[in-house]
Amino acid sequence: MRYVFLTGVLALLGTIASADPVALAAINAERAAQNRAPLVYDATIEQVAQAHAQDMAANGFFSHTGSDGSDIGQRLKRGGYRFCFGAENIASGQRSLTEVMASWMASRGHRRNILHRQAQAVGLAQSPGNIWVMVLAAPC
């Protein structure tokens, strides 16, 4: 384990599964800096993110479209999450939470998703090959 400093949050990083509070703190620090409400971490959304990350790693592609042609809305429905808002960030190659968050916050579209006013919940996953998927959503 190691410590990193990310946008004013001192965080202890471990595996992605044990880093959920760390990821949430990093995401909410970015949201707080822009006067956005904090998100809650959602295990169902994390499973949706993990399934897409694993799909990309196993099938050797990188896209918001799944190997079966699915989009984020279809994957959220398939995962059992009833949503009124859904968005997805993907990244590849970043070796740490710090790197992937910096990359997403430097990208207009990814930053917009993270700071979206409708977002209420988030799930984050990392698969082999450093493929990252963040899903943001709001329940109906």
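So, disulfides: searching the whole structure turns up 1, where a disulfide means a pair of cysteine sulfur atoms within 2.5 Å. Keep in mind that this is a predicted model, where local features need pLDDT of at least 70 and side-chain atom pairs count only at pLDDT 80 or more, while totals for chains, interfaces and linings use all residues. Residues are numbered from 1 along each chain as its sequence is written, and side-chain values use heavy atoms, with hydrogens and water left out.

Which residues form the disulfide? They're Cys 84 and Cys 140, with sulfur atoms 2.0 Å apart. The link of Cys 84 and Cys 140 is right-handed, with 130° about the S-S bond. Cys 84 sits in strand S4 (residues 83–92) and Cys 140 in the segment after strand S6 (131–139), so the pair ties together parts 56 residues apart in sequence. Quick note on those names: helices (H or I, at least four residues) and strands (E, at least two) are DSSP runs, numbered from the N terminus.

Buried or exposed, then? Buried is under 20% relative accessible area, exposed is over 50%, and partly exposed is in between (1.4 Å probe, protein chains only). Cys 84 is exposed, at 53%, and Cys 140 is partly exposed, at 46%.

Okay, on to the backbone. Asn 35 isn't a glycine, yet it has a positive phi of about 60°. You'll find Asn 35 in the loop between helix H1 (20–33) and strand S3 (40–41), and it's exposed, at 70%.

Asn 130 isn't a glycine either, and its phi is positive, about 55°. That residue, Asn 130, lies in the loop between strand S5 (121–127) and S6, and it's partly exposed, at 22%.
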